[in-house]
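Please read it alongside the sequence and the coordinates displayed here.

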Amino acid sequence: MNRISDDILSKVEKPARYTGGEYNSYIKDKEKIDIRYAFCFPDVYEVGMSHLGMKILYYTLNEREDTYCERVFTPWPDMEKLMREKGIALYALESKDPLDQFDFLGFTLQYEMSYTNILNMLDMAGLQVRASKRSEDDPIVVCGGPCAYNPEPLYDIADMFVIGEGEEVNNELLDLYKEVKAEGKGKTEYLRRASGVQGVYIPSLYDVEYNEDGTIKRFFPKESGVPEKITKRIIKNFNDIEYPDKFIVPYNEIVHDRVVVETFRGCTRGCRFCQAGMIYRPVREKCTAKIIENTDKLLNSTGYEEVSLSSLSICDHSDIQNLVFSMAERYEKDKIGISLPSLRIDSFSVDLIKQIQKVRKTGLTFAPEAGTQRMRDIINKGVTEENLMESARSAFSSGWSTIKLYFMIGLPYETDEDIAGIADLGQKVVGEYFKVPKEVRKKGLRVNLSTSIFVPKPFTPFQWEPQIRMEEVEAKIRVLRSAIKSKAISYSWHETPVSYLEAVVARGDRRVCDLLVKAFEKGAKFDGWSEYFSFDIWMEALKESGIDGDFYAHRKREYDEILPWDFIDIGVNKAYLIEENEKAKKAVVTPDCRLGCTNCGVDINLKGECFEGAVSN
Amino acid sequence: MRYLIKFTKESEIKFVGHLDLMRTIQRMMKRSGLPVVYSQGFNPHINLSLAQPLAVGVYSGGDYFDAPMEEDVEESAVKEAMNRVAPPGIKILEVSKIRDEENKKVFKSMAAIDAASYRIKLRYRDASLLEKEMDALLEKKEWTILKKSKSGEKVVDIKPLVRSIDFRIVENILVVEAVVSCGSKDNLSPELLAQLIKDSTSSVDEDAFIDIKRNEMYADVDGKLVPLFKYIKTI
């Protein structure tokens with residue numbers, strides 16, 4: 001066990017990040033368990049502790065009596081410096097044991113710009129960052145989460161990837177581990193056998209050949225018996241899946257410091273830029289009674305004063321109105337707040353939020369994503385200007401005076417008119433405010449526009465499209481700024497080259513792994529944090545690793561090109577993604593699949609049922 | 001009914017700040033299922049008031065808060081309900097009903113406190129001169145030290161705020177037991193006392209964390225210090 005002295009803790013920011021011992025954390029007898037699993041989140045404590053996936057897997061892994069799952073977060077650079085100075089290896093919060101004593105190190109991949117933290121964490125644990133250099137006795141490094149759908153940039157960092165939802169497959173992998181261990185066999189044999197489990201990808205068992213132009217010629221298993229395709233895992237009976245009845249309650253404040261209850265997985269909207277909307281298909285809901293049961297238990301066991309209903313588009317739950325009203329009534333006496341992230345843009349949603357925010361009217365946030373109808377049709381964001389104006393009108397007449405609108409710039413097929421349209425839309429929202437009688441509307445109108453730079457992601461209809469260049473981004477921002485007229489409108493934007501690197505890594509292949517290793521060696525860490533991100537480090541790393549970033553970020557791919565992630569089957573057919581991209585070019589929309597199946601293939605390919613028993617609201 | 005509750009902030013959570021500790025206690029109370037009282041306003045929270053904030057890094061074997069309940073619950077039941085759901089870093093030691101009488105000033109733990117006892121541990125690189133230096137310090141008539149506050153700096157004599165002080169040396173650790181003024185009338189922070197000792201002795205390990213534990217908080221009853229949980233039973 002590491003002894004982290006008070007001398008050290010008293011010198012760092014927020015020492016409670018490193019001490020563990022929170023209410024509802026698991027303490028197990030190491031002598032009585034077979035498998036030690038370190039769940040690693042490659043970001044700081046307050047971010048990682050807010051992550052629902054970690055809460056779920058921490059719970060399901062610890063529900064196994066033979067397994068002890070502990071938590072590890074990236075130490076903030078002040079702590080890292082002291083740990084390295086004093087020779088303290090990275091440790092898990094529960095036992096304070098260093099990571100090399102664990103059987104598994106499980107990293108969750110939530111965003112590409114956290115990858116250097118993974119390398120840094122392995123290094124802080126005294127392990128080689130490259131899987132090929134680690135020994136048979138070192139822990140098995142496994143990665144999962146949304147970014148694992150393109151695992152290739154980490155192919156020589158991780159020993160194993162889990163593609164899809166983890167609850168069931170983790171159990172299969174742990175059972176197999178015990179089996180192999182009992183036979184006296186090691187990591188190599190384990191990985192070989194794990195390759196037969198659905199959803200599991202063992203990168204060391206595959207190889208790639210490239211064409212002269214740098215595109216992939218062939219991707220293939222190196223030995224027989226290793227599957228050519230990896231099919232993602234889904235939980236078929238989502239309603240009855242075990243959900244945590246307790247969450248850890250941190251002593252210090254975390255980003256999302258509340259109960260979070262999952263209401264459904266997947267999304268039916270089919271926005272063409274959205275990776276989550278494709279990879280999490282099919283939609284599976286929890287029924288209202290189950291959601292309330294989960295909420296009751298979690299509120300009782302945590303003492304939290306707020307519950308947030310989680311999903312990709314919460315207002316699409318088929319019983320949302322009844323659910324929200326039932327919860328508001330049930331928890332009123334205990335002063336429990338209910339929050340709905342991801343509001344849909346329509347008056348129904350505004351009415352709903354009105355019901356649960358009776359007193360304090362914080363700002364409302366909507367994401368029209370694009371400024372003109374043409375552009376919204378291209379990205380298949382099924383929202384009209386009238387939807388937004390209705391929502392704004394309804395919000396202003398019910399006491400809101402601040403509205404935030406989120407947009408993307410650099411979307412495929414975008415023109416300057418589409419950019420100016422963002423300002424125009426903001427102006428029309430301002431207009432709606434002044435249509436509401438003075439005695440009804442609240443003073444102090446603010447319309448906050450904000451833009452982010454579009455990053456094309458694997459498994460979306462835009463996966464073949466180039467990201468726009470930084471100069472174009474700057475030009476677009478200028479167009480938008482000059483188009484804003486009203487003083488009530490404020491505009492905030494990101495102009496950072498982070499999105500370029502995100503684009504390189506998101507659609508990267510195995511060669512991008514060298515870039516990550518090089519960037520890490522040069523000191524890249526916490527790249528998602530502007531105070532630590534260094535573009536210079538990355539530019540040097542690109543140069544020294546001989547990687548052409550533009551090849552990944554700015555190149556338009558042909559439909560017949562072998563993409564690095566093509567060997568993964570998410571259930572949605574590639575032909576469907578092509579068809580969607582073609583429709584985008586013509587600005588033709590594809591309706592929400594609740595209104596009728598759009599034949600993406602997920603129900604057939606995964607032998608699941610979409611949207612069991614639920615209806616459109 | 002209102003309750004005075006004596007609790008510990010264990011060493012393992014010494015780095016948890018005042019607001020986070022408040023939140024932690026509020027969540028513990030919510031979990032307990034006791035009939036807690038909520039504040040009015042936009043953002044209702046559980047009513048409670050902590051007697052005297054602890055600085056980050058300081059832990060305590062005897063801290064207090066007072067909190068109302070909607071109903072009259074047995075003291076032992078309150079203690080049991082809270083300890084059942086207390087986080088590892090907090091233990092409830094004593095629970096007493098506060099018998100507020102009509103037309104009398106409402107008891108507030110914050111206002112009732114006059115003194116607190118602390119144990120301060122300082123690490124030295126070389127403790128050979130320490131006993132002599134400490135004896136000399138205790139002999140001095142005035143303990144002047146530069147006190148920094150939001151309003152500026154000034155030199156103050158803190159000796160009148162120290163009711164008793166004792167020390168022992170265990171290997172290279174100086175252990176100081178002190179009872180000092182605490183509360184809204186006069187207050188001496190243990191950190192300032194520790195600073196005075198550091199300034200008055202040689203070879204202190206500047207790199208070391210100063211370990212400070214609050215042991216108890218007292219009310220002054222005719223010059224006699226009575227622990228708050230005993231004092232509450234007498235009024």
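## Briefing on the predicted model

In this predicted model, the contact between the two chains draws 22 residues from chain A and 22 residues from chain B. On the side of chain A that touches chain B, at least two residues each are supplied by α1 (6-9) and by α9 (288-302) of chain A. Of these elements, α1(A) gives the most to that side, with 3 residues.

**Contact between the chains**
- Sorted by class, the side of chain A that touches chain B is made up of 8 nonpolar, 7 polar and 7 charged residues.

**Domains of chain B**
- Chain B carries, according to its domain assignment, domain 1 (2-112) and domain 2 (115-230), and the C-alpha centres of these two domains of chain B lie 27 Å apart.
- Where the two domains of chain B meet, 19 residues of domain 1 are in contact with 14 residues of domain 2.
- On the side of domain 1 of chain B that touches domain 2 of chain B, at least two residues each come from β1 (2-9), β3 (58-68), β4 (90-98) and α3 (109-112) of chain B, and the largest share, 7 residues, belongs to β3(B).
- The residues on that side of domain 1 of chain B divide into 10 nonpolar, 6 polar and 3 charged.

**Packing of α17 and α18 in chain A**
- Helix α17 (residues 512-521) and helix α18 (residues 535-545) of chain A pack with their axes 8 Å apart and at an angle of about 130°.
- From α17(A), the residues A:Asp514, A:Leu515, A:Lys518 and A:Ala519 meet A:Ile537, A:Trp538, A:Ala541, A:Leu542, A:Glu544 and A:Ser545 of α18(A).
- By class, this contact of α17(A) with α18(A) has 6 nonpolar, 1 polar and 3 charged residues.

**Overall form of chain A**
- The secondary structure of chain A amounts to 21 helices and 19 strands, and its C-alpha trace spans about 75 × 65 × 50 Å along the principal axes.
- The radius of gyration of chain A is 24 Å, which agrees with the value near 25 Å that a compact globule with 617 residues would have.

Technical notes
Residues numbered from 1 in each chain as written. Chains lettered and ligands numbered in written order. Predicted model: local features only at pLDDT ≥ 70, side-chain atom pairs only at ≥ 80, totals over all residues. Contact = placed C-beta atoms within 7 Å. Helix = DSSP H or I, 4+ residues; strand = E, 2+ residues; numbered from the N terminus. Nonpolar A, V, L, I, M, F, W, Y, C, P; charged D, E, K, R; others polar. Domains from an automatic or database assignment. Axes fitted to C-alpha atoms, helices over the stretch in contact; angles between N-to-C directions. Rg over C-alpha atoms; globule rule 2.2 N^0.38 Å.
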